[in-house]
Amino acid sequence: MTDGPAVRRVAERYAQVVERQEWLNKPGYKLEHGMAFVFGLAGARARPLQDLLHGVWLGHPLHPVITDIPVGAWTAALVLDTVDMIAPRPAGFRQAAQMSVGLGVVGGIGGALTGLTDWQHTHDDARRAGMLHGALNTVALSLYGLSWRDRRRGRHGRSRITSTLGYGLTIASSYLGGRLVFRQRVGVDHVDGRLTPREFVPVLTETELAEDSPTAVDCSGVPVVLIRHEGRISALGGQCPHLGAPMAEGWLYRDQFVCPWHGSRFDLQTGAATSGPATSPLSSFQTRLRDGQIEIRRIPPAQLATTGQTAITEGAQRHES
Ligand code: FES
């Protein structure tokens with residue numbers, strides 16, 4: 001067990017016990033396959049729907065944005081209930097608490113949908129922790145649903161008991177959610193963030209790069225993938241921002257570069273995520289040809305919207321875009 005303050009030891013122990021529950025693997029795979037089946041039923045609409053839930057349109061995972069709503073609303077309800085119990089106030093306090101509980105339920109449904117969509121691409125410890133995180137949230141959401149109904153019917157005593165129980169579960173679940181992000185690195189950007197090389201460096205002889213065949217090169221320890229496509233050469237980061245897949249094993253789909261693990265797609269020109277689960281862009285490098293060598297340099301983040309490709313035109317091998 002980890003040394004340190006008692007609260008840290010207890011929290012660490014709690015998370016480790018959850019992550020070691022290997023019996024969760026089988027139901028986890030069944031749930032994942034069930035989700036794949038449901039999205040499969042949606043046909044061509046599945047990908048836009050998944051992208052919406054992942055947060056590709058936002059450039060940031062949507063789940064942590066949405067979950068702030070129930071946590072905030074239910075905290076407000078707890079405060080309002082407590083104040084009302086200590087010194088009963090006008091009915092406005094109860095109405096405000098009821099509205100907060102209802103708002104939290106709506107946000108909780110959004111959190112469940114976005115969380116489940118992100119969870120299906122997790123593995124091992126993160127997958128097991130994610131299952132308990134989701135189960136606790138589902139029970140909490142159900143309790144708050146009951147609480148909201150009881151509040152409408154004037155059963156204030158029972159409604160406060162169920163919402164207090166729900167709040168405890170929400171806190172326990174939120175700890176696991178934080179651990180999924182900060183320890184398991186689910187939802188964080190996995191690209192190599194180094195800003196090198198700042199000056200052009202040769203990485204491959206131009207004749208060694210075949211058309212539509214992503215080729216891995218090492219640029220001073222930074223993994224990069226070169227792609228020649230329809231007369232242009234692109235250089236993109238070698239690690240997928242979603243969970244760090246080796247992009248050199250990816251492939252082209254139209255003008256996009258596809259991750260080999262979970263199928264995220266990236267714009268060949270800018271590296272921007274065009275389809276999830278990745279929401280962050282691939283690193284992007286500027287390319288040029290010099291004396292038959294492909295040279296690359298990092299595009300400063302402020303210029304990421306600009307093209308990093310080199311056009312290869314017949315008889316003109318020194319064109320830098
Ligand atoms: S690692 Fe998951 S989409 Fe690339």
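## Strands and a loop

Helices and strands are DSSP runs, numbered from the N terminus; a helix (H or I) has at least four residues and a strand (E) at least two. The model is a predicted one.

G276 and P277 are joined by a cis peptide bond, with omega at about 20°. Most peptide bonds are trans, and most residues other than glycine have a negative phi.

## The four-stranded sheet

Strands of a sheet pair through backbone hydrogen bonds, either parallel or antiparallel. Which strands form the open sheet here, and in what order? There are four, in the order β5-β6-β7-β8, and their pairing is antiparallel. At the edges sit β5 (251–253) and β8 (273–275), each of which pairs on one side only. On average, neighbouring strands of this sheet are turned by 40° against each other, direction ignored.

Now zoom in on one pair. Strand β7 covers residues 265–267 and pairs with β8 in the antiparallel sense over two bridges. Here F266 stands opposite A273 in β8.

## Strands around β10

Strand β10 (residues 293–298) pairs with strand β1 (residues 201–205). The pairing is antiparallel and runs over four bridges. P202 has E295 of β10 as its bridge partner.

β10 also pairs with β9, again in the antiparallel sense, over six bridges. In that pairing, T287 has I296 of β10 as its bridge partner. β9 and β10 form a hairpin, with two residues between them. In the turn, D291 has a positive phi of about 50°.

## Two helices that cross

Two packed helices are described by the angle between their axes and the distance between the axes. How do α4 and α7 pack? Their angle is about 140°, and their axes are 11 Å apart. Angles over 145 degrees count as roughly antiparallel, those from 65 to 115 as roughly perpendicular, those under 35 as roughly parallel and the rest as oblique. α4 and α7 are therefore oblique to each other. Their crossing is left-handed.

D124, in helix α6, has a positive phi of about 50° although it is not a glycine.

## The largest pocket

Rolling a probe the size of a water molecule over the atoms shows where empty space is left. The largest pocket holds about 900 Å³ of space. Its lining has 37 residues, and H63, T67, G115, H133 and N137 lie nearest the centre.

Which helix gives the most to this lining? It is α6, with nine residues. Helices α4 (63–86), α5 (91–119), α6 (124–152) and α7 (156–182) each supply at least two residues. By type, the lining of the largest pocket divides into 17 nonpolar, 18 polar and two charged residues.

How many cavities of 30 Å³ or more does a search of the whole structure find? The search finds three. The largest cavity has a volume of about 180 Å³.

The largest cavity is lined by 16 residues. Nearest its centre lie P61, V186, G187, H242 and P277. P277 is the proline of the cis bond described above. The lining of the largest cavity divides into seven nonpolar, seven polar and two charged residues.

Note on methods: Residues numbered from 1 in each chain as written. Predicted model: local features only at pLDDT ≥ 70, side-chain atom pairs only at ≥ 80, totals over all residues. Heavy atoms only, no water. Pairing = 2+ DSSP bridges. Axes fitted to C-alpha atoms, helices over the stretch in contact; angles between N-to-C directions. 1 Å grid on protein atoms, 1.4 Å probe; cavity = no way out; pocket = protein on both sides within 12 Å on 5 of 7 lines; lining within 4 Å. Points joined across faces, edges and corners; volume = space filled by probe spheres on them. Nonpolar A, V, L, I, M, F, W, Y, C, P; charged D, E, K, R; others polar. Left-handed = near helix turned anticlockwise from the far one by under 90°.
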